[in-house]
There are 2 protein chains.
Amino acid sequence: MDLEGLSINLATVREQWDMRQAVDACVGHGITAIAPWRDQVEKIGLTEATRIVRDNGLRVTDLCRGGMFPAPDAAGRQRQIDDNKRAVDEAAALAADALVLVVGGLPEGSRDIAGARAMVRDGIAALLPHARASKVPLAIEPLHPMYAADRACVNTLEQALDLCDELGEGVGVAIDTYHVWWDPKLFEQIARAGQGRRILAHHICDWLVPTRHMLLDRGMMGDGVIDFRPIRRAIEAAGYSGPQAVEILSETWWKQPGEHVLKTCIARYNDFCR
Amino acid sequence: MDLEGLSINLATVREQWDMRQAVDACVGHGITAIAPWRDQVEKIGLTEATRIVRDNGLRVTDLCRGGMFPAPDAAGRQRQIDDNKRAVDEAAALAADALVLVVGGLPEGSRDIAGARAMVRDGIAALLPHARASKVPLAIEPLHPMYAADRACVNTLEQALDLCDELGEGVGVAIDTYHVWWDPKLFEQIARAGQGRRILAHHICDWLVPTRHMLLDRGMMGDGVIDFRPIRRAIEAAGYSGPQAVEILSETWWKQPGEHVLKTCIARYNDFCR
């Protein structure tokens, strides 16, 4: 089986393996791309993480994650921007295709979502010069609207692309099926993203019925209601040919042996996604 | 306090009171509008429910709910349409401002959300002649995208209004803050709804952080992150001046005495919504 189109987001096996172990397992299965999280990189150190990536000839489809721009005061927002600059540096060291931005929700005690969205725009604008200079594209990830309050107040692909239009070069989108599958404008907006060459990453994860936990009950492809192939075809037609990265935050799958999870990802990718 | 702008959706006190008891309590507090659910009407009988409404001079801001159009086969879809016709008759008997439609999600085993949406459109189209003849406006309620799979595949106000445009006269929208507060196009689409006189109902309910259950952890106004007044101002500017109906599905509030819930609804409506 040709696995060049598959990337493993290491959050999928975060409870089983550290980055080194996860890479060994991925390479053992012929997987050539990964997407690590910053805490996973930090745990083994950026130098070691970079060495592992290089020595194994891995493609890093994205680094997860920057973002979380809103804060109650200017000093807090500046701290977030500074941290995002470090994230850009890490993404550059790893030669990641993009730094994914989970932009953040409402500041503590706030009911002003328009204000939070302005903070996000301003935060990305402040980060962009460093990202451009570092040649690290920023991938805004629209998150499911159920996370609007506490994780990300960018909640549709259309909104993310509007933000890209406002911000200019060096910024694009990460499209995660879990977050966008429900959107009646999904295919229209994927096509729009293609016109501006804005698609920087494609994540796959299924929506379970019922969903028992709002954060940690995401589904393995094929176990839920998402029809993956038409979305992939649209993304390819829009000019993105990079790997699909499996990102599943799931207490169910985190309890399974890592090898079983990895084999299942490969099988389901083949059966439902490519 | 003037309570003409307040309606109580009886689901808010469904575990404490039947419709008769709920009406007595509402009337005792000077509330002049209610929104019952069909099962609450059925429990005491339509004749008795109609009598209670009339004798107390109550406005029925909406009857909850019709909808649930998608089904795996044509016979199943016809059964749903037939049941919706009965719901129209009940709404007519109660002289309700509108019949709310929670349109339904994916049929069992389906991954075809576009197909489900077509079934919804076709189902409402089949229902419309009877609704028009009965002078019962149909209020499509866009539900939060987290319900797209299992409750309603109409998930934004824009999508609901597109459907209204397609279907013509006799159909409009119910705007529930809980379902739409996150939408970056909310104010634009409320204004659009006003142009077509499409707003038929306005529900209020808060979004809690964290939300512990996807269906039954909705919030009392003021306990969450929604800024109600700007939404109300926009709805009024769009030409809808009917009452705001408190609809809170909450295992927390269902455990409280009905009188306490009702008093809290009144106080919070006054403090956060009018």
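This is a predicted model: local features need pLDDT of at least 70, side-chain atom pairs count only at pLDDT 80 or more; totals for chains, interfaces and linings use all residues.
Local features need pLDDT of at least 70, side-chain atom pairs count only at pLDDT 80 or more, and totals for chains, interfaces and linings use all residues; side-chain values use heavy atoms, without hydrogens and water. Residues are numbered from 1 along each chain as its sequence is written, and chains are lettered from A in the order in which they are written.

**Chain A against chain B**

The size of an interface is often given as the accessible area lost when the parts come together. Here the buried area is about 2,300 Å² (accessible area, 1.4 Å probe, that two parts lose on being put together, summed over both). Carbon and sulfur atoms give 67% of it. Chain A brings 30 residues to the contact and chain B brings 30 residues (contact means heavy atoms within 4.5 Å). Of the area that chain A buries against chain B, 27% comes from A:Arg111, A:Trp182 and A:Met214, more than from any other three residues.

The two chains share 2 salt bridges (a side-chain nitrogen of Lys or Arg within 4 Å of a carboxyl oxygen of Asp or Glu). B:Glu158 pairs with A:Lys185 in a salt bridge, with the closest N and O atoms 3.1 Å apart.

**A helix pair in chain B**

Helices and strands are DSSP runs, numbered from the N terminus: H or I of at least four residues for helices, E of at least two for strands. In chain B, α4 (residues 74-93) packs on α5 (residues 113-133) at about 40°, and their axes are 10 Å apart. Axes are lines fitted to C-alpha atoms, for helices over the stretch in contact; angles run from 0 to 180 degrees between N-to-C directions. The angle therefore makes α4(B) oblique to α5(B) (under 35 degrees is roughly parallel, over 145 roughly antiparallel, 65 to 115 roughly perpendicular, the rest oblique).

Residues of α4(B) in this contact include B:Arg77, B:Ile81 and B:Val88. Those of α5(B) include B:Met119, B:Gly123 and B:Leu127.

**Backbone details**

| Peptide bond | Omega |
|---|---|
| A:Cys64 to A:Arg65 | near -5° |
| B:Cys64 to B:Arg65 | about -5° |

A:Arg65 sits in strand β4 (residues 63-67) of chain A. B:Arg65 sits in strand β4 (residues 63-67) of chain B.

A:Arg197 has phi near 50°, a positive value in a residue other than glycine. A:Arg197 belongs to the loop between α8 (186-195) and β8 (199-204) of chain A.
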